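Dear colleague,

I am handing over the structure below for your records.

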Amino acid sequence: MPYADSDPAAALAATSAAPFAIKILIAGGFGVGKTTLVGSVSEVRPLRTEEDLSEPGSGVDALDGVERKTTTTVAMDFGRITINDDLVVYLFGTPGQKRFWFMWDELAYGALGAVVMADTRRLADCFPSIDYFERAGMPFVVAVNCFDDARRYPLPTMRAALNLTDDIPLLLCDARQRSSSRDVLVALVEHALARLSAGQQVTPAR
């Protein structure tokens with residue numbers, strides 16, 4: 001870190017050499033696979049804030065369709081992907097339960113866009129995330145996580161069920177697979193860049 005009496009040119013060079021950072025949110029309902037997606041693509045061991053599901057919480061967190069889930073994110077998941085020396089991507093997985101939604105505004109600030117994950121067994125659980133990013137004017141894509149025991153539907157059918165306009169990318173993914181999760185992130189970045197080139201807002205204002 002250069003001090004005040006350091007060479008200004010050297011200080012400027014050090015500042016300009018810092019990599020450019022992109023922030024991406026991973027959102028969606030409870031148990032949809034957000035933590036799994038972050039973990040599958042992060043180059044570092046993800047920072048997780050998971051706690052065991054408790055008996056008192058069973059009356060709050062509906063486990064229909066995800067009965068085998070034993071933990072839940074209570075703050076956020078965090079991962080990192082270094083694209084090259086000049087570009088780093090930071091992933092922030094949001095908590096899915098309604099009682100933690102107050103954190104979303106802080107997590108969303110400065111983000112390039114969001115991935116909204118969906119599960120066909122609990123499709124309605126992703127509606128709050130879609131509504132949030134639509135109201136914020138933030139670019140987002142919807143990624144349907146293909147669980148082994150979940151029914152598969154054609155993309156046009158799911159687009160209609162989610163009431164998504166044609167300009168919102170809708171993809172199938174397997175959050176356990178690094179390549180599949182990577183493709184979702186690439187689709188989001190391409191969507192955000194397309195909006196940016198069209199002069200539309202990308203990051204939400206405060």
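A salt bridge here is a side-chain nitrogen of Lys or Arg within 4 Å of a carboxyl oxygen of Asp or Glu. Please note that the model is predicted. Under this rule, seven salt bridges are counted.

One of them joins the side chains of R80 and E43, at 2.8 Å from N to O. The partners lie 37 residues apart in distant parts of the chain: R80 belongs to strand 3 (residues 71–84), and E43 to the loop between helix 2 (34–41) and strand 2 (47–52). R80 is partly exposed at 30% relative accessible area, and E43 is partly exposed at 37%.

A salt bridge also links D174 and R176, at 2.9 Å from N to O. D174 is buried, with a relative accessible area of 18%, whereas R176 is partly exposed at 48%.

Turning to the strands, six of the six residues of strand 6 (residues 140–145) are buried, so this strand is largely enclosed by the rest of the structure.

Strand 6 pairs in the parallel sense with strand 5 (residues 113–118) over five bridges, and A118 stands opposite V144. The chain passes from strand 5 to strand 6 through helix 4 (residues 127–136) in a right-handed β-α-β crossover.

Strand 6 also runs parallel to strand 7 (residues 170–173), joined to it by four bridges, with V142 opposite L170. Helix 5 (residues 155–162) connects strand 6 to strand 7, and this β-α-β crossover is right-handed.

Yours sincerely

Conventions
Residues numbered from 1 in each chain as written. Predicted model: local features only at pLDDT ≥ 70, side-chain atom pairs only at ≥ 80, totals over all residues. Heavy atoms only, no water. Buried < 20%, exposed > 50% of the residue type's maximum accessible area, 1.4 Å probe, protein only. Helix = DSSP H or I, 4+ residues; strand = E, 2+ residues; numbered from the N terminus. Pairing = 2+ DSSP bridges. Right-handed = clockwise from strand over helix to strand, strands pointing away.
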